[in-house]
Amino acid sequence: MSLHGKNKTAKKVFLLTTIFLIIELLDEIVDGVYTPALPLIRNELNLDYTQIGMLFTIPNTIGCIIEPILGIWADIRQRRQLILSGGVVFAGALLLISLSHNFPLLLAALVLFNPASGAFVNLSQATLMDIEPKRHEQNMARWALAGSVGNTIGPLILWVSIGLTNSWRSAFFILAILTVLLLVILWTYRNVIPNKASQVDKPIQGFREGIGNAFKALKQAKVVRWLTLLLFSDFLMLDILHGFVALYFVDVVGANNTQASLAIAIWLGLGLVGDFLLVPLLERMRGISYLKLSAAIVLFLYPTFLLIPSINIKLLILGLLGFFNAGWYSILQGQLYTAMPGQSGTVITLNNLFGLFGGLMPLGMGWLAQHYGLQNTMWLLIATPVILLIGILKL
């Protein structure tokens, strides 16, 4: 390839990478706004706990049904249209959230938002993996960093919006406008977005063949390994620990609400630092080597976190846990993409299928905590570094 051709390709990669990372940033900003806004939404719309549970369960279930279909379809054709269409529905759902004055409207908005995010955001991730197939771990690290930044910015946007308009609605309206502006940019450069996965062997000819390839992938030991490790690392030591840490500090440690909020801030803050440092680190060492080291450190830190009685030391160790497990999702997801070349959309499909099982883990943790105590239940999370080390020990 000529120098001019290489420069043109490099510019295209840089442009697409930037656009896709902004899409992930925006998606996590939405999450960062919605979570702290939920109590305000509940009070204004007079929601009960059953309705709040439905707001989580119904959209997620519908998304897990629709998104596997989108993933396979994206490997066949029309990926560009799926991403753009997902963005349009994504913006519309945010606008509908800002206009929701009752439970049915809010539920409808979230039902639209969940699969739209799958098409707009997750297929953008898959396409990012396609454009640089030899840099999966590095680009996943950038993706995770963009998400961490977005999750940190979200509460600030909500706080500013409430300060200016005295309403949570303006935050979602602003995010809808930002999505439209991003879609204008995406439409302008739509021709540089690949319309299907870059196939290594022969292209997938139809949807039935795409489903068959997904089942074939599940017969490969390396694919099942990365899916399993992703499932346990993401739901146990990342999502579940994040979800239960405030309750743990209040109900078990005896901390007050301010200290519990501080614990979450330390967890997220040190995780953001970890995501930031991981980007240059993966240019210098293998992701698997770092994963082994960090899992061994977490295996030592987590029991210490549970056993140490001092709140201040617990907060310090919690920050270290957030720092050292920051790269787990990036590396494991990158390895899964590498194990399935030319099937980046199918990766999204299999992640969602495994996610259906993973979605039951918080419910199981809650049941165990109710019957056996939260302190005892928290010990189950030590399974994550153990399973990680077993899964990657010989790599």
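Leaving aside neighbours within four places in sequence, H136 is in contact (heavy atoms within 4.5 Å) with M129, G334, Y337 and T338. This is a predicted model, in which local features need pLDDT of at least 70, side-chain atom pairs count only at pLDDT 80 or more, and totals for chains, interfaces and linings use all residues. Residues are numbered from 1 along each chain as its sequence is written, and side-chain values use heavy atoms, without hydrogens and water.

H136 belongs to helix α5, residues 136-165; helices here are DSSP runs of H or I with at least four residues, numbered from the N terminus. Is H136 buried or exposed? Its relative accessibility is 8%, so H136 counts as buried; buried means under 20% relative accessible area, exposed over 50% and partly exposed in between, with a 1.4 Å probe and protein chains only.

I turn next to helix α14. In this helix, M361, M365 and A369 are buried. Seen down the axis, the buried residues of α14 fall within an arc of 75 degrees, so they line one face of the helix; the arc is taken from the directions from the helix axis to the C-beta atoms. On the other side of α14, L363 and Q370 are exposed.

Finally, the aromatic rings. The structure holds 9 aromatic pairs; rings of Phe, Tyr and Trp (its six-membered ring) pair if their centres lie within 6.5 Å, and planes under 30 degrees apart count as stacked, over 60 as edge-to-face and the rest as tilted. W168 and F172 form an edge-to-face pair, 5.9 Å centre to centre with 80 degrees between the planes.

Notes: Helices (H or I, at least four residues) and strands (E, at least two) are DSSP runs, numbered from the N terminus.
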